[in-house]
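Subject: Structure for you to look at

Hello,

Here is the structure I said I would pass on. My notes on what was found in it follow below.

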Amino acid sequence: MLQHENLPDSSCSVERSFEILGGAWTFMVLREALFEDVVQFDNFQTNLGIARESLKRVLNRLVRNGVMDHRPLAPGGLRKGYFLTEQGRDLLPALVAALNWGQMWASEGEVPECLTHKNCGHPLEQAIVCSHCHTNVDPRDVSFTSRIRNRSKGREKFAKMRYVEQALLERQQPSSIARTMATIGDPWSFLIIRECFYGIRRFDAFQQRLSIASNILATRLKRMVAAGVLQTQPVVDQPHLFEYRLTEKGLALYAVPLTIIAWGDKWLTGANGPPLILTHKPCGHAFSAELRCHSCDMTVTLDDVEYQVLT
Ligand SMILES: [Zn+2]
Ligand SMILES: [Zn+2]
């Protein structure tokens, strides 16, 4: 598993970024904005089948945090739309990471959508790589040091964010992003997964580090075991105790937090620099997640991708 000098505090740019991105519905809204060029409230609402109040909350949070701009649809017009800012457009790698994981691990026999790299015509698969050596990310190859000392505030906000069922996220159409987000899209599940990547395995350790109520923790762990992301196994030398370990399917989720860390480092880091220093062990360089096409080895931006719904 990951090697570390100081175990990071539970606060890091992932957590701050996740306060902004906020959960499963946010990713679905971002999918509409990034891939379908949706800007109008009613179109987001119809395409997703999301409750108006929830949609309002998501869009307001994205506007408040500079991901979207709420401005007139036409110059001088009265009707307004929600437009992605440059910071918002830069969430593409996080969306692709979520999409790629859903395609690979939760496709249930049919892949609902396809992303193509326009420049070479190949599908964008396993497209999150080390920005230095361009190889795919294996969490076992990334070590980290934390510069965080203080515990973050605002964990209460997370407690209020609810788990959203996959069926609800896919109400209007099936989506790999929805499937990924049904697995890690609620903030608690996301934080638990992150703790797993830090090497945390025991129930009491999760509880202590996350200040999470034991019933919430138990439900989330059970759900992730059922989803095949975690597995339980007896603790060596203490066979009456068991611990939670990431499966291969769970390890593959790592690309999602890595893209969010890279985004947070770029857009949210203040004068103190990034809170978490990642090193890619195979190449020995500082690790930053990058979106790059496997087939032609080019970096990919939003203008270079074509999104197609297949079902
Ligand atoms: Zn590398
Ligand atoms: Zn390509």
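Arg79 has 9 C-beta neighbours inside 10 Å, and the cut-off for exposed is 12 or fewer, so Arg79 counts as exposed. Please keep in mind that this is a predicted model. Arg79 sits in the loop that joins strand S1 (68-72) to strand S2 (80-84). Once its neighbours within four places in sequence are set aside, Arg79 is in contact with Pro72 and Leu73. Gln40 is 39 residues from Arg79 in sequence, while the C-alpha atoms of the two are 9.1 Å apart in space.

Helix H2 (residues 24-36) is next. The buried residues are Ala24, Trp25, Thr26, Phe27, Met28, Val29, Leu30, Arg31, Ala33, Leu34 and Phe35. Just after H2 comes Asp37, with a positive phi of about 55 degrees.

There are also two helix pairs to report. Two packed helices are described by the angle between their axes and the distance between the axes.

In one pair, helix H6 (residues 92-105) and helix H9 (residues 176-184) have axes that come within 7 Å and cross at roughly 90 degrees. H6 and H9 are therefore roughly perpendicular to each other. On the H6 side the contact involves Leu95, Ala98, Leu99, Trp101, Gly102 and Gln103, and on the H9 side Ser176, Ile177, Arg179, Thr180 and Met181. Sorted by class, the residues in this contact of H6 with H9 are six nonpolar, four polar and one charged.

In the other pair, helix H10 (residues 187-197) packs with helix H12 (residues 214-226) at an angle of about 75 degrees, and their axes are 10 Å apart. An angle of 65 to 115 degrees counts as roughly perpendicular, so H10 and H12 are described that way. Trp188, Ser189 and Ile192 of H10 make the contact with Ile216, Arg220, Leu221 and Met224 of H12. By class, five residues in the contact of H10 with H12 are nonpolar, one is polar and one is charged.

Regards

How values were computed: Residues are numbered from 1 along each chain as its sequence is written. Chains are lettered from A and ligands numbered from 1 in the order in which they are written. This is a predicted model: local features need pLDDT of at least 70, side-chain atom pairs count only at pLDDT 80 or more; totals for chains, interfaces and linings use all residues. A residue is buried if 20 or more other C-beta atoms lie within 10 Å of its own, exposed if 12 or fewer, and partly exposed in between; C-beta atoms are placed from the backbone. Helices (H or I, at least four residues) and strands (E, at least two) are DSSP runs, numbered from the N terminus. Axes are lines fitted to C-alpha atoms, for helices over the stretch in contact, and angles run from 0 to 180 degrees between N-to-C directions. Angles under 35 degrees count as roughly parallel, over 145 as roughly antiparallel, 65 to 115 as roughly perpendicular and the rest as oblique. Two residues are in contact if their C-beta atoms, placed from the backbone, lie within 7 Å. Ala, Val, Leu, Ile, Met, Phe, Trp, Tyr, Cys and Pro count as nonpolar, Asp, Glu, Lys and Arg as charged, and the others, Gly among them, as polar.
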